Amino acid sequence: MAEFTFFTNPMSRGQIARWALHEAGADYEQVLCGWGPKPEALIAANPMGKVPTVIHHAPGGDRVVTEAAAICLYLAEVLPGAGLSPRAEELADYLRWSFFAAGPVEQAVTARSMGFEPQTPQQQGMAGYGSYNRMVDALAGHFATHAFVCGDRFTMADVYVGSQVDWGLMFQSLPERPEFSAYAERLRARPAYQAAKAIDGKLIAEMQQ
Ligand SMILES: N[C@@H](CCC(=O)N[C@@H](CS)C(=O)NCC(=O)O)C(=O)O
C-alpha cells in the first residue's frame with residue numbers, strides 16, 4: 001500500500017495537494033472522486049466529503065489531513081527529506097502567509113466572485129480580509145520584495161500561497177500585477193509543478209472526452 005491515499009478531483013483544489021505531494025516526493029495512491037455520490041472511504045475520513053483529503057498511513061496508524069493548506073504544510077513536516085519545511089528564521093513568514101492565503105485571500109476572492117464586497121468601515125473591520133483591494137495590496141507588497149514566501153528559498157508555503165496566485169491569475173480573480181506574474185513564472189518552472197499539472201491536465205482532458 002502507498003504511504004498516502006489522496007482523494008481528489010482534477011478540477012479542484014486537489015491540484016494544490018497533488019503539487020505538494022510531488023514536491024515532497026510522496027508515495028501516494030489517488031482516489032478520483034466525482035461531484036456526485038462520494039466514495040464511502042472519503043466520507044469516513046472527511047464527513048464533509050471535500051477534496052483534497054489525504055490519509056497518511058503512518059506506522060502508528062492512519063492520520064487524516066483535510067484543507068489544502070494543512071496538507072501542504074503537513075507533507076513538508078513528515079517528509080523532511082524534501083527540505084521544504086521552514087528554518088527557524090523563515091517560520092514567521094511561512095506561517096503568516098500560509099494562513100493569510102488560506103483565510104483572507106480565499107475569503108476575499110470567494111466573496112467577490114459571489115458578488116459580495118464589504119462596503120462600510122464596520123463591515124471591513126469585521127471581515128478578516130478588510131477589503132479585496134487591501135488583501136491584494138498586502139499580498140503584492142510581499143512579493144514586491146521577496147522572490148518566495150520566505151525570501152530567496154522555495155518552501156512548501158509557496159505551494160499553497162503560490163497556488164492562490166497561480167489560480168488567481170489564470171481565472172482573473174487576482175489582478176495582473178507584475179509581482180504576481182513574476183512569482184507565478186518562478187513557480188511554473190518547477191519540475192514538480194509541471195509533473196503534477198500534467199497529471200491533472202490529462203485527467204481533465206479524459207473527463208471532457
Ligand atoms: N477548505 C477546503 C475547501 C475544499 C473544497 O471546497 N473542495 C471542493 C472542490 S475545490 C469540494 O470538494 N467540493 C465538493 C463538495 O463540497 O461536495 C480546502 O482548502 O481544501
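S85 sits in the loop between helix 3 and helix 4. Helices (H or I, at least four residues) and strands (E, at least two) are DSSP runs, numbered from the N terminus. The structure is a predicted model, in which local features need pLDDT of at least 70 and side-chain atom pairs count only at pLDDT 80 or more, while totals for chains, interfaces and linings use all residues. Residues are numbered from 1 along each chain as its sequence is written, and side-chain values use heavy atoms, with hydrogens and water left out.

Leaving aside residues up to four places away in sequence, S85 touches A76, E77, E90, Y94 and R153. Contact here means heavy atoms within 4.5 Å. S85 and R153 are 68 residues apart along the chain, and their C-alpha atoms are separated by 11 Å.

## Salt bridges

Side chains of opposite charge can pair when their charged atoms come close. A salt bridge is counted when a side-chain nitrogen of Lys or Arg is within 4 Å of a carboxyl oxygen of Asp or Glu. By this rule the structure has nine salt bridges.

One of them joins the side chains of E90 and R153, at 2.8 Å from N to O. E90 is in the loop between helix 3 and helix 4 (91–113), and R153 is in the loop between helix 6 (132–145) and helix 7 (156–170), so the pair ties together parts that are 63 residues apart in sequence.

In the contact, 18 residues come from domain 1 and 19 residues from domain 2.

The size of an interface is often given as the accessible area lost when the parts come together. Domain 1 and domain 2 bury about 1600 Å² between them, with 63% of it on carbon and sulfur atoms. Buried area is the accessible area (1.4 Å probe) that two parts lose on being put together, summed over both. Of the area that domain 1 buries against domain 2, W19, L73 and Y193 supply 37%, more than any other three residues.

Two salt bridges are counted between domain 1 and domain 2. R13 forms a salt bridge with E106, and the closest N and O atoms are 3.0 Å apart. On the side of domain 1 that touches domain 2, helix 1 (14–24), helix 3 (68–78) and helix 9 (191–207) are the elements that give two or more residues.

## The ligand

Around the ligand are S12, R13, W35, K38, K50, V51, P52, E67 and A68, each with a heavy atom within 4 Å of it. A polar side-chain atom of K50 is 2.9 Å from an oxygen atom of the ligand. A polar side-chain atom of E67 is 2.5 Å from a nitrogen atom of the ligand, and a polar backbone atom of A68 is 2.9 Å from a ligand oxygen atom.

Two of these residues also have backbone features to look for. P52, in the loop between helix 2 (40–45) and strand 3 (53–58), is joined to V51 by a cis peptide bond with omega of about 5°. E67 lies in the loop between strand 4 (61–66) and helix 3, and phi of E67 is near 80°, a positive value in a residue other than glycine.

Conventions:
Polar contact = N/O pair within 3.5 Å; in protein donor to acceptor, adjacent residues only side chain to side chain.
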